Amino acid sequence: MQSFLSLILAIEYIEANLTNPISLEDIASEAYISLSHLHRMFSRVFGCPLREYMTKRRLCSAAHELVHSDITITDLAFKYQYGSVESFSRAFRKQFLVSPSAFRQANRFTELYPRIILKHPRKGDGKMTPIPKYDLTELSQRIVAAKGTYILDVDIDNLMRINEELGRGAGDVAIAETAARIERSVSPGTAFFRISADEFIVITEREDLASAEAIAQKILSHSDDPVTWNDTTFTFSASVGIAKIPTDIKESTPAVELVQEAMYQAKQTDRNTYKVI
């Protein structure tokens, strides 16, 4: 239980200090745990190093300001603790695949790596294992508000294999590219959310199935687009589920489970396709 609480404290401290000059030692101190122990726990539970998580969250916050404010890129770089505009731009391009200036002009999806929350531990393999989840509060509210319209579940095909064969950096590129493909396929203002390592939910706000299918087809049309990581070029596809949010829905879980079932059917039938429930 102490480890569970320490991870919660570490996450909360990072989120409260995205623009402050904190160190990894500061995080460990706030979590009442040694840095070496925090490193081990964080990587085991969240699947990424502590510093990498903090960097990704800072860049997501910076991207949000880039889109929703007039702050200059220079001021943004120093605000998020980068020593120069050049180092900030390199890190930003690595995460979002475009420069900060290009992102400001054409992109709106900033939560590529949403805040992680921890559920109460569950018993498994004789241990109490914390359960990391993305914070999907806004998604839940949007789904309930969009009752009677279609949602899409876009799931990257074979992301684990990409990570294993090409490295986690290549997997990160696939995740960023999937977000970009969705953004290119939907109307401006369409909300979508990353809900797991390889999965996105798109809220179309369309009541006709044909419009939802057209979005799915546009996303899938990019499956042959090449992407590059460390001088290695590869392609990847996605499977898409489509479902209509029930008109009597009171909370989001039934709609999410329904569209996920459609996505699973797409994967079982033939990847790089879509299914409707």
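In this predicted model, glutamate 15 and arginine 57 form a salt bridge through their side chains, with an N to O distance of 2.7 Å. Glutamate 15 belongs to helix H1 (residues 2-16) and arginine 57 to helix H4 (residues 50-68), so the bridge ties together parts that are 42 residues apart in sequence. Both ends fall below the 20% limit for burial: glutamate 15 has a relative accessible area of 16% and is therefore buried, and arginine 57 is buried at 7%.

This bridge is one of 12 salt bridges in the structure. Another one joins the side chains of lysine 56 and glutamate 52, again at 2.7 Å from N to O. Here the two partners both sit in helix H4, four residues apart, which is about one turn of the helix. Lysine 56 counts as buried because its relative accessibility is 9%, whereas glutamate 52, at 22%, counts as partly exposed.

A further salt bridge links glutamate 177 with arginine 184, where the closest N and O atoms are 3.2 Å apart. Glutamate 177 is buried, with a relative accessible area of 10%, while arginine 184 is partly exposed at 47%. Elsewhere, salt bridges with shared partners join Glu52, Lys56, Arg168 and Asp172 into one network.

Next comes a residue of helix H10. Threonine 178 lies in this helix, which covers residues 168-185. Its relative accessible area is 3%, so threonine 178 is buried. A polar atom of the threonine 178 side chain lies 2.8 Å from the backbone oxygen of alanine 174. Leaving aside residues up to four places away in sequence, threonine 178 touches Val154, Ile156, Phe200 and Phe236.

Phenylalanine 109 and phenylalanine 192 are both buried. Separately, Tyr82, Phe88, Phe92, Phe96 and Phe103 make up one aromatic cluster.

The chain as a whole contains 12 helices and nine strands. Its radius of gyration is 19 Å, close to the 19 Å that the globule rule gives for 277 residues, so the chain is as compact as a globular protein of that length. The C-alpha trace spans about 55 × 45 × 40 Å along its principal axes. Among contacts with a separation of 6 or more, 65% are between residues 24 or more positions apart. Of the 277 residues, 49% are buried. The chain exposes about 13,800 Å², and carbon and sulfur atoms supply 49% of that area.

Key
Residues are numbered from 1 along each chain as its sequence is written. This is a predicted model: local features need pLDDT of at least 70, side-chain atom pairs count only at pLDDT 80 or more; totals for chains, interfaces and linings use all residues. Side-chain values use heavy atoms; hydrogens and water are left out. Helices (H or I, at least four residues) and strands (E, at least two) are DSSP runs, numbered from the N terminus. Buried means under 20% relative accessible area, exposed over 50%, partly exposed in between (1.4 Å probe, protein chains only). A polar contact is a pair of N or O atoms within 3.5 Å; within protein, one must be able to donate a hydrogen and the other to accept it, and residues adjacent in sequence count only if both atoms are side-chain atoms. Contact means heavy atoms within 4.5 Å. A salt bridge is a side-chain nitrogen of Lys or Arg within 4 Å of a carboxyl oxygen of Asp or Glu. The radius of gyration is taken over C-alpha atoms; the globule rule is 2.2 Å times the number of residues to the power 0.38. Accessible areas come from the Shrake-Rupley method with a 1.4 Å probe; for residues, only the protein chains shown count as cover. Rings of Phe, Tyr and Trp (its six-membered ring) pair if their centres lie within 6.5 Å; planes under 30 degrees apart count as stacked, over 60 as edge-to-face and the rest as tilted.
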